[in-house]
Amino acid sequence: MDLKNVRNIGIIAHIDAGKTTTSERILFYTGRTHKMGEVHEGEAVMDWMEQERERGITITSAATQCHWKAPFIDGVETDVTINLIDTPGHVDFTAEVERSLRVLDGGVVVFDGSQGVEPQSETVWRQADKYGVPRLAFINKMDKTGGDFFMSLDSIFDRLSKNAVAIQLPIGAESEFKGIIDLVGKQAYTFEGKHGETKKEIPIPADMQNQVTEYRMILMEKVAENSSDDLLDAFLQNGALTDEELKKGIRIATVQNKIYPVLCGSSLQNMGVQLVLDGVVAYLPNPLDIPAIKGTDPKTGASEERHPNNEDPMAALAFKIATDPFVGRLTFIRVYSGVLKAGSYVLNTRTGNKERIGRLVRLHANSRQEIEQIEAGDIGAAIGLKDTRTGDTICDEAKPVQLEAISFAEPVISIAVEPKTKADQEKMGIALQKLVEEDPTLRVRTDEETGQTILSGMGELHLDIIIDRMKREFKVESNVGTPQVAYRETIQRETEHEEKYIKQTGGRGQYGHVVFTIKPLEPGKGYVFTNSVVSGRIPREFITPCDRGFQEGMSRGIQAGYPVVDVEVDLTDGSYHDVDSNEFAFKMAASIGFQAAARKADPVILEPVMKVEVVTPEQFFGDIMGDLNARRGLILSTGDRGLAKVITAHVPLAEMFGYATDMRSMTQGRASYSMEPSHYAKVPKNKAEEVIAARAGTVVR
């Protein structure tokens, strides 16, 4: 396989921008499917789960491989293999986007042409920035009422990147949208045939000639500034770039993440998707364009590199686990270097254990095709890996390497679930184990006081889908409690504390003695442990148990038993006993000591605050504002989007339960909203008392 002719891309966007519809068109035009699946008819190939088809949303990222012939930069038509991942748009399933972007080389960000940049568009754009993923922007739904290419382009420019630049212009808009002008080749196209499969070249409309000249000049300047010195010199000398130089420059600047080409079209009306595929081939990187992946040697910690070729030692990242009813556990894998062969043994650097690759498959949504190997730069799935999780590195055991894992957001909402019958109890344990393996943002724990199973996730929809999947896929009937907010606790001032754990019970006793300081950290820092013990006052083998003890002490808070966050612990002194000191004694001293110190350090309860954006017709603007204020919301901004009003606010999650129903009744069902986790903030005193009382099982009158 020639890596120059491979593209690993993802389709990412805000909910309802048209990602899955775009993916379905790509599958049709590349010959992967022979019928277009429509999301609104519940027929989309990439939305294969029952829940996805019923709700018309994407829940899990689906992977497929297809082929597209397109002219490359030099004009030679090339047959390119495209590994395509269609990701969810709903913020509750943000982990699916995160893990897909970690292993992709390029992305197509889809925007609703009537809305421009929406809240989740910003989130996925930031995620792509985090992993340095080059991307094209596709302004979709140009035929929709309110479809406005220039408004959408401005919103990308203002809210995402000043380096977004149009490489196409639409001919007409809304119901008048009838074609696309390619600014690079100075050509205009319409799309004919039942499925828009015939791309027909037409003259550029006379009334758009000046606009084309203007936007082509902006494109040239942007490319000359951001690509290479040679092209900048050519532009300065000649006042323009040739078509070939322009194409070459767009590719260089896009691969280096210096510009983001913007295209337009309407996936539902079958207009412009072939040009997106041409753009993917021409401008997005192949695995050879991406720098060698960096990792560390798990034994020495020395930095290592793996180059995208079959000769380097094998290194791959497991980026998703899925349970398949026919073949069992599927592990999605991106191979960065070397060749992964069916039947071979690989080392998992997290566990330090060897595992055998049973079979390898090429995926197409939920169907599979057996293959013998996955080469460098390619994506596939393995069957037979028992103890591999999302984010694990698997590699050649003779040349081990640890690649950077994938980080995920913390859950913000919990529910209690209990099985309806004794028979359901055992099945529920198995179901939850499999679901947690698949979904890194789902957490399961048992409440020590009530014995209930607590599920924590990213939102009400997320947990709703999990309960639904337990019922359908695993046949588990359960009773579900009301959603609970994932509160946290922290401290507000620095405190020094000394703790001795001494037990004498005849014979050998227990002795642990620690002196330490706890300090508040800025939000989001988590837990930091510093060892400042000198002169062996505490032997080295007891330092790690102290660290574990402090973490254990943080796992249950002082005020309401919620986990403590954003604290630095500095272990400064202590003492030990030659006979009675052991790991357990020091761990207990640290754990008990932390709790005692935190009580003196002005503890407070924190609550998750959501960033909420409401889009509403103007006549309901006052009602929505008043309601958000009543929910302890802090209004950040208000503005206009087309004919609608947009309100952005920070609102505590505790006040947002049932908001969808209230908002619909207030606005006759005409407003919409989206929300995503923003930060944790201190709970007001009166609310804190309610939280503490509710946790203790009493009711505040």
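Student: Which strands each supply at least two residues of the lining of the second largest cavity?

Tutor: This is a predicted model, in which local features need pLDDT of at least 70, side-chain atom pairs count only at pLDDT 80 or more, and totals for chains, interfaces and linings use all residues. Residues are numbered from 1 along each chain as its sequence is written, and side-chain values use heavy atoms, without hydrogens and water. The lining consists of A63, T64, Q65, N83, R362, L363, I379 and G380. The strands that each supply at least two of the lining residues are strand 2 (62-71), strand 19 (359-364) and strand 22 (379-383).

Student: Which strand gives the most to this lining, and with how many residues?

Tutor: The lining divides into 3 nonpolar, 4 polar and 1 charged residues. The largest contribution to it comes from strand 2, with 3 residues.

Student: How much space lies in the second largest cavity?

Tutor: A search of the whole structure finds 2 cavities of 30 Å³ or more. The space in the second largest cavity is about 50 Å³.

Student: How is helix 8 oriented to helix 9?

Tutor: The axes of helix 8 (residues 243-255) and helix 9 (residues 273-283) come within 9 Å and cross at roughly 75°. Angles of 65 to 115 degrees count as roughly perpendicular, under 35 as roughly parallel, over 145 as roughly antiparallel and the rest as oblique. Therefore helix 8 is, relative to helix 9, roughly perpendicular.

Student: Which residues of helix 9 make the contact with helix 8?

Tutor: Contact means heavy atoms within 4.5 Å. Helix 8 contributes K247, I250, R251, T254 and V255, and helix 9 contributes V281, A282 and Y283.

Note on methods:
Axes fitted to C-alpha atoms, helices over the stretch in contact; angles between N-to-C directions. Helix = DSSP H or I, 4+ residues; strand = E, 2+ residues; numbered from the N terminus. 1 Å grid on protein atoms, 1.4 Å probe; cavity = no way out; pocket = protein on both sides within 12 Å on 5 of 7 lines; lining within 4 Å. Points joined across faces, edges and corners; volume = space filled by probe spheres on them. Nonpolar A, V, L, I, M, F, W, Y, C, P; charged D, E, K, R; others polar.
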